[in-house]
Every structure is written in structure tokens, then in C-alpha cells.
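Hi everyone, thanks for coming. I'd like to walk you through a few spots in one structure, so please have a look at it first.

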Amino acid sequence: MDTNSNTAFVTARDAHTDVLIVGAGPTGLMLACELALAGIRPRLVERRTEPQRNSRALTLHPRSVELMDLRGLAPRFLTRGTTRPGWHFAGLETLLDFSALDSRHGYTLFLPQARTEALLAERARELGVEVERGYEGLGLTERADGVDVELRGPDGTVEAVRARYVVGCDGGRSFVRQAAGIGFPGADETLTGILGDFAVCDAGPAVLADARRQGIIAAPLEGGLTRFVVVDPDRMRVPSREPVTMEEFRTSLLRICGTDYGIAEPRWLSRFGNATRLADRYRSQGPDASAGAGRVLLAGDAAHIHFPAAGQGLNTGLQDAMNLGWKLAAELNGWAPQGLLDSYDAERRPVGRSVTENTAVQTLLMELILVPQYRGPGTALRGLLDELLGMTDVNHRLAGQVSALSIAYPPAAPDADPLVGQRMPDIGLTAAGAEAVRAYELFHEGRFVLLDLTGETGAAERATAGRGARVTAVTAAEHETHPALDGVREVLVRPDGHIAWATRTADETARHAERSAVLAAWAGPADVPIGG
């Protein structure tokens, strides 16, 4: 702990919070919104003293837009960005076709990270959560009943905070992860690229398209800026810690493209690398064996880092937060079934592993053609993969992975319906005496949805008695058909839009038994008041 004379100390441990979220990037903001929606008021602290102005990430992929739709936020985001039906894999010429996937949002939303953060911060404020800026973590001690954290505030005062849970959303160099002793194995960087946002550029759409054919990512940004992302064979081993100069950027463009496109007035220059790491676990082990599972959790870049191939990092963090939020709130509100919070690691860490693996593959496919001895076979390999991406099945497979629409969580029971763990289709439906809605409109409050597709009025409502604050019961008098729902009579959908239970059982008595068991297993016992 810093003991210099300019630091004041607060020694009384009278600052308490249910959840301390460290890091107010997209992941931390999304998590704060989810917790607040469920009645938990987290404390959200951020080291940066000002909101993010620069935007490393530029996209929200289809599943992330679906998550916003589930919470009624999609219109805010869609009005501030532009959509593109295709996206790249390893910079190959044949694009992934998101529009062919089973989603109302079969596109990438081109939206700078700074704008995403601003919109999420706006939503957090609406829910009563403010970002506290200028806070730096100094120490963390995990106990059986909570976590003690020392924070230095913007005025130099050191504050001792006791939280029931701490979530590290504080990036690849996460203070929380390191202080909790969670390992971060993986590979150090072997390749770096440079990024520049320029206020002046002579390149129009055709010229930018030509730059992309040279392997340069070139895109117009809001505010009249133009972004170039360059991996220069002559500079790709420069450590990411070395600052980027304007002269280096101009020289790299000239070497690769034969022109510097008239770039001037750089607003942001940055170097990034392909270091790839995945946390040993997303939840700490606790202070000792008798204490049980730990009270420190990780999400976003604190849990996984990788080369920014296909723009998956920010999106994976948002999806981490959506998965964790309702589970942590259930634990704090006192109704979480045993093992629910542990399922965060079980479900999301394999996704993190998949993302780190596919980004490593994409990085290699891009690097091969930059190394002289591999340029010939590397170019041939990329040509072959371009051909394969022209095949519908192959394209859909990779598009589903990059978009995160293909993510399905493993069911707990081996005899579960094939729908369990999948995303709920956003079908249109009409409840008796109500207006037509889309399924995703039923999730704006962040609850489970028990959807009865038989039209037998009252069964779903009776089944959820005592769980009204946790489960919304809807009986569909009419609904759109969907191949995945053929023969399905009832479905229980989690707050994050994934299916917890589906049944095709015709016998009402047997279905009632199934329903009762699954509601207890997922939504906890009846008549548990919010707050436990």
C-alpha cells in the first residue's frame, strides 16, 4: 500500500456493497445494468478519469444485438450505427454471410466502442448506477463471507471496501485477477499491428477498397475520421509497448500500398499484439477448502485476451456479462439453486477457449502471407479457404461461430430436449386478450419466461405461482411456426435468452411434473422474497 504523505487513509471498514465491479468498459457497464435490473445496486469503479474517447472495437455482432433486443435497448444502438450483412474471417475475400443465419439481426452493427460505452452508461444511470472514476485497486483479500478491497480514489484517499462479491472487468492486465491469484496462461505476443484514426485522408470508397485488397483494414468512422489497421511485414515483430509514430505509419502504408493516402492529423495511434491468454477459471476457489467456491469472478478481457481478429473481443465480454448478471443477482437475492453461479464458469469459459482458438487460427492465416518463405503456400491456403467459404454449410458454420449465434450451453441432463441450451427463436406470438409481440419483448425485465404453446389458458400462470418476480408466464393463443419448435408444447427460457427446458410431452400430468422440477432447478423455490 502506498504510504506517501500525499495519501489519506480510511481505516474503518464501513463501506459495504453487494457487488463491486472493477472496470467500466462495455463488460462492466453491461454487468452493472443486468444486476441493477434484478434489484441489485452494484458499485462500479473505473481507473480512467474520463469516458473512453477512442474506439479500438468497432462492431456489435448479431448475438450482441440480440442481447440488446432482449432488454429493449436495440433501437438505441441501431439508430447510432450502420449495419453490414457480411463480415470477414481472417481477412479472406469471401465474407461470412450473417444475413443467412436464423436471427432478426443477421448483420454486424458498425458502432464505435466509445459509443457503445456511452449508451450502456446512459442505461446504467437510468437504473441508478453511476460510474465512479479515478479509482485504482491497491489490494484484495478474499474471505469466506466477502471480499475486502482497498481502492485509491481520485483525491488520493484510500478506501477500504467490503463487498459480498467482486467482479473483475478491468482488462487484460486485470488487478482483480492478479490479486485473486487466478492464473492467466497462454502465449506471449509474436506479432503486432498498428492502428491509426486520421482526420485527414484523401481516400474515397474506391481507394479504401483498394487498400483492403492490399491487406489493409480501411474504414470511415463517425466524425469524419478514417481508420487504417496495418500489419507491416517489416514491423510486425515490434513489441506492442513501443509507441507508434506518424512517420512509421506513413512509411508502412507507402511500403505496402505505394501511397500514404494523404493521411494527416492523427487523432489516435496505437500498437496491438496477438498475445493470447485464457484465465484458469472465471470464479476464484475461495480462501480455503472449507469456505467453498470463491467470491471473485472475471469477465471480458480480464478473463480472455486475443488478437482482434473478426472483432470478437468486446462481443464476448458483453455475452459474459449477460450470462453472469442474472446468476449473480439470483445468488444475492437468495433464490439461486445450488450450482447456478458455478455454471457461469462452466458455460462461458469454453466459449472463451473457442474464441481464443479461432482468433489464433485467423492470425496465423494472416501472418503466413507476410513471411517470405510461407507466402506461396500461405496464399494457396487462403485461396482454398476462400473457395470453401463459398460453400453454404462452411460459411454458415464459421458465421455462426463468429457471430456467437451458434453458442449453445450443454444441458445438465443427458435426456434433455435438443433445444435445451440453444437460443430461443424470436417468434411472434399473441397471448389471449393481448397484443401481438415478439418473444424477445418478453425479456425486457430480465426474468425467466415460461411459454406455453398449447394455448391451454392458465396452466403456465398457475405453475409460476410464488415465483412471479422471477418468472413471466405466457400462454400463446397464436404463434409463428419455427422448425426448432415443431412439437414443442412448453419452453422455459432463461433471462439471457437461452432455453432451460423444452417439452414435447402431450400428457398434462407428466408435463406438470416436468415443469415443477425444472422450475425448482432453475428458478429456485417458490415464495422466496427478493433479497433472500
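**Around helix α13**

Let's start just after α13, where Gly524 takes a positive phi of about 75 degrees. A word on the names: helices (H or I, at least four residues) and strands (E, at least two) are DSSP runs, numbered from the N terminus. Please keep in mind that this is a predicted model, in which local features need pLDDT of at least 70 and side-chain atom pairs count only at pLDDT 80 or more, while totals for chains, interfaces and linings use all residues. Residues are numbered from 1 along each chain as its sequence is written, and side-chain values use heavy atoms, with hydrogens and water left out.

Now, the helix itself. α13 has 16 residues, 508-523, and at 1.5 Å a residue it should span 22 Å; its end C-alpha atoms are 21 Å apart, which agrees. The expected span here is 1.5 Å times one less than the number of residues.

Which residues of α13 are buried? They are Arg511, Arg515, Val518, Leu519, Trp522 and Ala523. These residues cover an arc of only 105 degrees around the axis, which puts them on the same side of α13. The arc is that of the directions from the helix axis to the C-beta atoms. As a reminder, an α-helix has 3.6 residues a turn, so residues three or four places apart point the same way. Buried means under 20% relative accessible area, exposed over 50%, and partly exposed in between (1.4 Å probe, protein chains only). On the face turned away from the buried side of α13 you'll find Thr509 and Ala517, both exposed.

The buried residues of α13 are covered by several elements, including α8 (313-333), β23 (471-479) and β25 (499-503).

Next, two single residues. Thr481 sits in the loop between β23 and β24 and is exposed, at a relative accessible area of 72%. Arg227, in strand β15 (residues 226-230), is buried, at 2%. A polar atom of the Arg227 side chain lies 2.4 Å from the backbone oxygen of Ser55; a polar contact is a pair of N or O atoms within 3.5 Å, where within protein one must be able to donate a hydrogen and the other to accept it, and residues adjacent in sequence count only if both atoms are side-chain atoms. Arg227 also touches other residues (heavy atoms within 4.5 Å), among them Leu195, Asp197 and Trp268.
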